[in-house]
Amino acid sequence: MSGSLLWDLSGSRIPGCRDFGGRLPPGASRQRQQSVIRRTRRINTILAGMLALALIATGIAFYQRNTATTAQRAAVTAQHTAESRQLAAQSANAAGRDPDLASLLAVQAWKTSRTEEAAAALYAAPAFPLRRHLKVSTKAVDSLAFSPDGTTLATGDDNGTARLWDVKTGKPRARLTGHTLLVTSLAFSPDSATLATGDGDGAARLWDVKTGKPRRTTRTTPPGATLDAISVAFSPAGVGFAVRSGDGTARLWDMRTGKPRRTTRTDHTRLSMKSAFSLNSTTLAADDGGTVQLWDVQAGKLRTALTSRNDLSGAMAVSSDGATLATGSLGGEGLVWDTRTGILRSAFTGHASRVSSVAFSADGTTLATGSNRNSVRLWDVKTGTVRATFTGYAGFVESLAFSPDGATLATGSDNGTALLWDVKARKLRTALTGHVASVRSVAFSPDGTTLATGSFDGTALLWDVNLPDAGKIADSICHSLHRDFTKAEKAEYLHSQGSAPVCPDSKR
């Protein structure tokens with residue numbers, strides 16, 4: 001019907017009329033078509049602009065929301081980090097009066113944020129048997145030594161007493177008395193059967209490690225005549241040991257006869273605290289307070305005295321092959337010497353003040369130097385370049401020791417903390433807290449699994465160096481305690497944290 005309006009009876013299309021699709025018939029106005037196209041384009045442009053504005057607005061909103069979320073997460077992370085560190089500090093403070101609470105605080109610190117302080121608190125937690133506490137003395141523990149077979153630890157203290165401890169159990173084996181002043185030096189014979197001790201009153205003693213009984217005593221001066229510190233060292237062959245005293249005398253003793261083999265003397269009378277043999281037993285290095293003397297063991301003669309532009313600090317170490325001697329200086333240098341010729345090979349500079357301790361890695365390729373300006377440096381012995389610098393100490397470095405495999409460096413500082421460093425990764429593994437005074441000495445067991453630390457607080461601690469994952473320690477503590485924070489403890493320590501138990505499986 002409607003189609004008849006478009007066509008006449010002859011079948012011809014009526015001019016000017018649209019078809020069903022709205023198309024103009026042929027010959028219609030091109031101008032009108034172009035107008036429609038332009039209008040369509042304008043509409044599309046407007047729509048595209050509106051879409052672009054909408055997308056921009058959405059992007060800005062997303063960015064603002066993301067920025068706000070990031071800032072909020074950063075603020076929460078910072079808060080958790082601060083809370084973790086605070087809980088770790090509270091754990092350390094509670095360790096002496098409430099071991100269970102201290103352990104729970106350590107776990108809570110770790111679960112709040114996995115900070116280095118939280119990990120250290122877990123390693124020091126009383127509920128985790130990472131360490132064995134040796135109550136040595138009421139005064140400072142000045143010296144430590146492991147027996148070569150790794151079964152015995154010897155300690156020497158300011159009371160003039162040396163003690164032998166069972167490394168596996170941490171129990172005392174023998175108390176060695178007889179010295180009248182502080183025990184300044186300890187050394188085991190290579191077969192672990194004999195312990196040599198030296199004191200600050202001019203006496204050196206040999207002890208039977210198995211029985212704890214004295215074998216022999218020698219004196220360099222009459223008792224009480226002068227402060228005459230003794231340093232002892234066994235030759236690698238075990239047939240002789242050296243006694244170096246503060247009156248300038250070096251004595252070499254024959255272990256088989258108990259008689260002195262040689263006695264030598266110099267004009268130096270300054271306090272001597274350290275001595276060491278070269279590996280082939282032909283050279284003895286002895287600290288002489290500001291210098292180091294190299295002695296020909298066979299001839300009993302002084303080869304040379306090692307000096308530098310700055311006085312030597314007394315820090316001294318011999319490489320495992322005996323060919324190289326390292327010393328520290330008061331001017332912040334680490335000095336490397338040829339033990340055969342006495343020639344200075346290298347001078348490592350970089351510390352701002354006195355180098356208080358030095359140590360070689362077992363393979364002799366790396367030297368560690370520690371200063372009293374709170375830093376430790378690792379040096380390539382061959383090239384003299386710095387391999388790593390460890391900083392962040394709260395006190396100056398008192399002692400250094402490499403693990404036998406060279407993978408870990410232990411440092412003791414005067415703030416009561418011992419630190420374990422990953423040598424390859426050049427970063428801190430953990431901080432071992434437990435002493436309340438300076439850590440005067442550190443020593444690894446021969447198998448490298450145990451670290452002994454001796455402190456001015458009169459204690460020695462034995463640490464398991466094969467540190468487990470901190471998360472596993474937290475689980476172990478929760479498993480062993482079977483308790484959670486009490487309401488009073490939560491109110492005191494967990495102010496801004498939820499009420500969820502720190503140990504979900506605890507009974508209360």
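My entries cover the ground rules, a disulfide, a strand and its partner, and the nonpolar cores.

**Ground rules**

I am working on a predicted model, in which local features need pLDDT of at least 70 and side-chain atom pairs count only at pLDDT 80 or more, while totals for chains, interfaces and linings use all residues. I number residues from 1 along each chain as its sequence is written, and side-chain values use heavy atoms, with hydrogens and water left out.

**Disulfide**

I searched the whole structure for disulfides (pairs of cysteine sulfur atoms within 2.5 Å) and found one. It joins cysteine 478 to cysteine 503, with 2.0 Å from S to S. I then placed the two ends: cysteine 478 is in helix α4 (residues 470-481) and cysteine 503 is in the segment after α5 (487-493), so the pair links distant parts of the chain, 25 residues apart. The link of cysteine 478 and cysteine 503 is left-handed, at -70° about the S-S bond. Both cysteines are buried, where buried means under 20% relative accessible area, exposed over 50% and partly exposed in between (1.4 Å probe, protein chains only).

**Serine 143 and its strand**

Is serine 143 buried or exposed? Serine 143 counts as buried because its relative accessibility is 7%. I find this serine in strand β2 (residues 141-146), and six of the six residues of β2 are buried. Contact means heavy atoms within 4.5 Å; leaving out residues up to four places away in sequence, serine 143 touches several residues, among them Ala154, Val183 and Ser441. A polar atom of its side chain lies 3.4 Å from the backbone oxygen of valine 183.

Next I followed β2 to its partner. Strands pair if DSSP finds at least two bridges between them; β2 and β3 (residues 152-157) run antiparallel, joined by five bridges. Leucine 144 stands opposite threonine 155 in β3. Five residues lie between the strands of this hairpin, where glycine 150 takes a positive phi near 80°.

**Nonpolar cores**

I took a core as a set of buried Ala, Val, Leu, Ile, Met, Phe, Trp, Tyr and Cys residues joined through side-chain atoms within 4.5 Å. The largest has 41 residues, and Leu122, Leu420 and Leu451 have the most contacts inside it. Helix α2 gives the largest share of this core, eight residues. A second, separate core of 15 residues includes Ala120, Ala359, Ala388 and Val423.

Note on methods. Helices (H or I, at least four residues) and strands (E, at least two) are DSSP runs, numbered from the N terminus. A polar contact is a pair of N or O atoms within 3.5 Å; within protein, one must be able to donate a hydrogen and the other to accept it, and residues adjacent in sequence count only if both atoms are side-chain atoms.
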